[in-house]
Amino acid sequence: MIKSAVILAGGRGSRLMPSTDTCPKPLMPIANIPMIEYVLEKIPNSVENVYFTVHHLSHKIENYFSKHPRRYAYNIVKEDKPLGTGGALRHIKDKLTEDFVVFNGDVISSLNVDEMVKYHIKKKALATIALWKVDDPTSFGKVTLTENYKITDFVEKPNEKSDSFINAGIYIFSPDVLKYLPDKEVVSIEREVFPTIVKEGNVYGFSFDGFWIDAGTLPRFLEANKLVIKSKLLSENSDIKNTVVKGNDLRIGNNCDIGPYVSISNHVQIGDNVNIKNSILMDYVKIGNNVKIENSIISENRIVQEDVIDKIF
């Protein structure tokens, strides 16, 4: 039974700047819901304690959770500086005395974590890594497997393109994994721990179908927004109209063409003759007349002046 979960959310979110200058990446909206909520919904029911490792704008994350009580105890673990995925775990290793689950805070997926836990227990694994199949692993961690899904090799961001399983950013660890953390402050699990523990021969992969997105870049964040909107449209109780998600207190002008796959947050003003496609407008955005927005995230409180028709944000 898994009683603890760790969510790794200490990064700066630099690939989503300038939106993350004022909004921490875990609170960035996907279909008008903070991204962290899609991670939290994957937490097994047996979990009693969740540890959030955070750094950038940590006070905003702390404030968010203070207003949204949970069934489990949540613990905000502040880092004075980003410690990497392994350094974050070392920071709380005294709390992790039994098998635990780890989530990268920007992964959106259809993974059934409860089934992964059962698999991990059955295999008596040192570590179990969720796997996703891609045709280009060069931006991820490539995994080599035996027929029974024992991992024999792990290469972070390989140079060669080929159909491969990759590290999907969700793990179940025995506390013994923590013994393999190098004795330094900043540590990468992917580069400095996985290649070592794979040699121990008791690390397994757990593949799944459905969907998986690492939402850490602008194109992939927008793809996650599109994916979630599509999934919500399939719900019988969906209140989404024409693939557009709308918040509260909106003012939308005349002759506007909005959609497909647009999320408009709260307190947003949109002028006349505005065209918006495949984009996210965060809280308190103001859009002037005769503006075209495509494939963009408009940061909170931003004002887009009139007659911006060629620029893609």
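A salt bridge is counted where a side-chain nitrogen of Lys or Arg lies within 4 Å of a carboxyl oxygen of Asp or Glu. The structure is a predicted model, and the rule gives eleven salt bridges in it.

Side chains of opposite charge can pair when their charged atoms come close. In the Lys184 pair, Lys184 is partly exposed at a relative accessible area of 40%, and Glu192 is also partly exposed, at 25%.

Another salt bridge joins the side chains of Glu62 and Lys78, with an N to O distance of 2.9 Å. This pair connects distant parts of the chain: Glu62 belongs to helix H3 (residues 58–66) and Lys78 to strand S5 (residues 73–78), 16 residues apart. Glu62 has 34% relative accessibility and counts as partly exposed. Lys78, at 42%, is likewise partly exposed.

The side chains of Asp214 and Arg220 form a further salt bridge, at 3.6 Å from N to O. Here the two partners fall into separate accessibility classes. Asp214 counts as buried because its relative accessibility is 14%, and buried means under 20%. Arg220, at 23%, counts as partly exposed.

Rolling a probe the size of a water molecule over the atoms shows where empty space is left. The largest pocket holds about 940 Å³ of space. It is lined by 40 residues, and those closest to its centre are Arg15, Lys25, Thr85, Asn104 and Asp106. Several elements each supply at least two lining residues: strands S1 (4–9), S11 (164–173) and S13 (212–214), together with helices H4 (84–91) and H6 (189–198). Strand S11 contributes the most, with four residues. Sorted by class, the lining of the largest pocket has 16 polar, 13 nonpolar and eleven charged residues.

The second largest pocket has a volume of about 460 Å³. Its lining is made up of 19 residues, with Cys23, Leu27, Pro34, Asp283 and Glu300 nearest the centre. Strand S3 (33–34) and helix H3 each provide at least two residues of this lining. The largest share, three residues, comes from H3, the helix that also carries Glu62 of the salt bridge with Lys78. By class, the lining of the second largest pocket has eight nonpolar, seven polar and four charged residues.

Methods:
Residues numbered from 1 in each chain as written. Predicted model: local features only at pLDDT ≥ 70, side-chain atom pairs only at ≥ 80, totals over all residues. Heavy atoms only, no water. Buried < 20%, exposed > 50% of the residue type's maximum accessible area, 1.4 Å probe, protein only. 1 Å grid on protein atoms, 1.4 Å probe; cavity = no way out; pocket = protein on both sides within 12 Å on 5 of 7 lines; lining within 4 Å. Points joined across faces, edges and corners; volume = space filled by probe spheres on them. Nonpolar A, V, L, I, M, F, W, Y, C, P; charged D, E, K, R; others polar.
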